[in-house]
Amino acid sequence: MAVADRKVALLIETSKAFGRGLLAGVGRYSRLHPRWSIYVEERGLDDPIPRWLLADSSAADRFDGMLIRSLRLETMQQASELGIPAVYLGEENPRDAISVSNDDRACARLAAEHLLERHFRSFGYVGLRGYGWSESRRDCFARCIEQSGFPCDIIEMSTEPRQHEAWYQHRNELANWIASLPKPVAVMACYDATARTLLDVCRQHHWLVPEQVAVVGVDNDQVLCELSDPPLTSVALDTETIGYEAARLLDQRMQATACADVKSIKSIVVPPRGVQLRQSTQTDAIDDPEIALALGFIRRHACDGIGVPDVLAHIAESSNRSSIPKTALSRRTLERRFYSATGHSPLDAIREVRIQRVKSLLCESTMKLEEVAFSSGFQYPAYMASQFRASEGMTPGEYRKQHSHVPVS
């Protein structure tokens, strides 16, 4: 006798990277266990339970199981009243519900360790008021920092709807908080969207990231992180494993026939995968304000063809309009202090930024080597090639063959 397919409803958002990662994990499980018939539709995190699931239907039309994730606890509770075996993936779930969730405390520990390794001594946390997951990350991050002997300043932002003018008041509150922190400072944001707002505020007020304010988020939403300026370092969640484990538990629930079987199924907490390093934390803490200025200028303009004299000129110009002591800085002094702070010379730093740009263009474009050289700040393609070989141990052409993401036409 043929075994009927199990009908499974996926009430998981398709609009965010987190939800799409969950769906990928569910899909992987269902390919290994093909007796599932899955129903999924486009959905947002705040959407209510769809009418087709709430409507009365015959037993043949009812679903055998459900995976659900929602921003609202009342939506999750409403789903629990449908009488359908379910596994819950929300940040807040009904009491005694079987759930699979991310380990928020582990995320905070990873973020704290990452920033502490960069020798910062001033720290902050930006959270969202009223969310348990943000509070868990806040408490664990602050505890890790304070146990290491450093203070951690905390600000929590409201997510209540605001008028256009009030939104800028909201950003001004964040800007005033950043201004009050000793620099350099390392900040954990509760998730990537909040981290992007923090980066926008830093850019608006001319705080250098990461030299003055290093920022790490959570979620590793690749699109958001790469759209950030500079690209955002983020704690990568293992959303695919969360989705896979949720599907596995749901399968167990649908197979359980006795109450004892259901009670034996336990909720799962999945640890994050690690920290995805990007430019927003790609530095050690630099207490020397002039060297922080120099490094920030190099990171932003190395590919414009600048040299060490341009770095000196930028420091002199910046000191004329800031609180930095107005002292004449010779090239020799710059190089000595730069090496003391970073472990290499200004010229090495310029070269490193240019090589990274070359690698990016080789991987992500079909530009000719001459164009790659000029776009990376090298005046002569042959010089670029020799510098690249010295750095990477292969020619630009060989690197492109091994690492290019662009299909050859």
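A residue is called buried here when its relative accessible area is under 20%, exposed when that area is over 50%, and partly exposed in between, with a 1.4 Å probe and protein chains only. The model is predicted, so that local features need pLDDT of at least 70 and side-chain atom pairs count only at pLDDT 80 or more, while totals for chains, interfaces and linings use all residues. Residues are numbered from 1 along each chain as its sequence is written, and side-chain values use heavy atoms, with hydrogens and water left out. Helices (H or I, at least four residues) and strands (E, at least two) are DSSP runs numbered from the N terminus.

- Strands are taken to pair if DSSP finds at least two bridges between them, and an open sheet of four strands has the order 2-1-3-4 with parallel pairing.
- Strand 2 (36-40) and strand 4 stand at the edges with a single partner strand each, so one side of each is left without a neighbour in the sheet.
- Neighbouring strands of this sheet are turned by 20 degrees against each other on average, direction ignored, where axes are lines fitted to C-alpha atoms (for helices over the stretch in contact) and angles run from 0 to 180 degrees between N-to-C directions.
- Strand 1 (residues 6-11) runs parallel to strand 3 (residues 65-68) and is joined to strand 3 by four bridges, with Leu10 standing opposite Leu67 in strand 3.
- Helix 1 (residues 17-32) packs on the sheet and touches strand 1, strand 2 and strand 3, its direction making about 160 degrees with that of strand 2; contact means heavy atoms within 4.5 Å.

**Helix 9**

- Helix 9 lies across strand 1, strand 2, strand 3 and strand 4, and runs at about 150 degrees to strand 3.
- The expected span of a helix is 1.5 Å times one less than its number of residues; for the 17 residues of helix 9 (residues 239-255) this should give 24 Å, which agrees with end C-alpha atoms that are 24 Å apart.
- The buried residues of helix 9 include Ile242, Tyr244, Leu249, Leu250 and Met254, and also Glu245 and Asp251.

**Nonpolar cores**

- A nonpolar core is a set of buried Ala, Val, Leu, Ile, Met, Phe, Trp, Tyr and Cys residues joined through side-chain atoms within 4.5 Å.
- Of the 70 residues in the largest such core, Leu67, Val100, Phe141, Leu174, Ile178 and Val213 touch the most other members, and helix 9 gives the most to this core, with seven residues.
- Apart from this core lies another, of 18 residues, among them Ala292, Phe297, Ile298 and Ile350.
- Leaving aside its neighbours within four places in sequence, Ile178 is in contact with Lys183, Leu198, Val201, Cys202, Trp207 and Val213.

**Strands 8 and 9**

- Strand 8 and strand 9 pair in the parallel sense over four bridges, and Ala186 stands opposite Ala214 in strand 9.
- Strand 9 is mostly covered, since six of its seven residues are buried.

**Backbone exceptions in loops**

- Most residues other than glycine have a negative phi, and most peptide bonds are trans.
- Another cis peptide bond, with omega about 10 degrees, joins Val209 and Pro210, and Pro210 lies in the loop between helix 7 (192-204) and strand 9 (213-219).
- Asp96 has a positive phi of about 65 degrees although it is not a glycine; Asp96 is found in the loop between strand 4 (86-88) and strand 5 (100-102) and is exposed, with a relative accessible area of 73%.
- His206, which is not a glycine, also has a positive phi of about 65 degrees, lies in the loop between helix 7 and strand 9, and counts as exposed at 68% relative accessibility.

**A buried aspartate and the cysteines**

- Asp104, in helix 4 (residues 104-116), is buried with a relative accessible area of 13%, and beyond its neighbours within four places in sequence Asp104 is in contact with Trp133, Ser136 and Arg137.
- A search of the whole structure finds zero disulfides, a disulfide being a pair of cysteine sulfur atoms within 2.5 Å.
- Cys152 is in no disulfide, and the nearest cysteine sulfur, that of Cys144, is 9.9 Å away.
- Cys152 counts as buried at 13% relative accessibility, and Cys202 is buried with a relative accessible area of 0%.
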